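Here's a quick briefing to read with the sequence and the model side by side. Have a look at the fold first, then run through the points below.

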Amino acid sequence: MHHLMDTEEIRRMLQTKKEELEKRLLAIEEDKERKKDPLVSDLDDQAIQRENDPVIDALDETLRQELRQIEHALYRLDMGNYHICSHCGEIIGEERRKALPYTTLCIRCAHET
Ligand SMILES: [Zn+2]
């Protein structure tokens, strides 16, 4: 039963993180929409907005990548192979999973790559 508890705990943690990321992504999207608003026509404002855009896009991409990693981890939980290294098939140590919840590799394989 210990493993089941462990899995449920991880799932809750991943779900919480996922919701948090989705909220942040939504906020970024809303921000982008707002900037497209033609009412915001002040030239100084537009210059500042253009400067900020690459930063926002990079953040957007970082969040999306993390979201994909979480979704993959949840999928692995569903498949029952969350604890298994995708490279060698060995069990991924508990310490490592706590430190890196989305990892798909055991410590040995991670060090080899
Ligand atoms: Zn491995």
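**Confidence and overall fold**

Confidence here is pLDDT, the predictor's own score for each residue, running from 0 to 100. This is a predicted model, so local features need pLDDT of at least 70 and side-chain atom pairs count only at pLDDT 80 or more, while totals for chains, interfaces and linings use all residues. Numbering starts from 1 along each chain as its sequence is written.

**The chain as a whole**

- Mean pLDDT for the chain is 85, with 81% of its residues at 70 or more.
- You're looking at four helices and zero strands, in the order α-α-α-α from the N terminus.
- Those elements are DSSP runs numbered from the N terminus: helices are H or I with at least four residues, and strands are E with at least two.
- Of the 113 residues in the chain, 5% are buried.
- Burial goes by how many other C-beta atoms, placed from the backbone, lie within 10 Å of a residue's own: 20 or more is buried, 12 or fewer is exposed, and in between is partly exposed.
- Among contacts in the chain with a separation of 6 or more, 57% join residues 24 or more positions apart; a contact means two C-beta atoms, placed from the backbone, within 7 Å.

- M13 is in helix α1, and it counts as partly exposed because it has 14 C-beta neighbours inside 10 Å.
- M13 and P101 are 88 residues apart in sequence, yet their C-alpha atoms are 9.1 Å apart in space.
- K35 also belongs to helix α1, which covers residues 2-36; K35 is partly exposed because 15 other C-beta atoms lie within 10 Å.
- From K35 to D53 is 18 residues in sequence and 9.9 Å in space, C-alpha to C-alpha.

**The loop between α2 and α3**

- C88 sits in the loop between α2 (43-79) and α3 (94-99).
- C88 is exposed because 11 other C-beta atoms lie within 10 Å.
- Leaving out residues up to four places away in sequence, C88 touches C106 and C109.
- C88 and L105 are 17 residues apart in sequence, with 8.1 Å between their C-alpha atoms.
- E90 is in the loop between α2 and α3 too, and it is partly exposed because it has 14 C-beta neighbours inside 10 Å.
- E90 and I107 are 17 residues apart in sequence and 10.0 Å apart in space, C-alpha to C-alpha.
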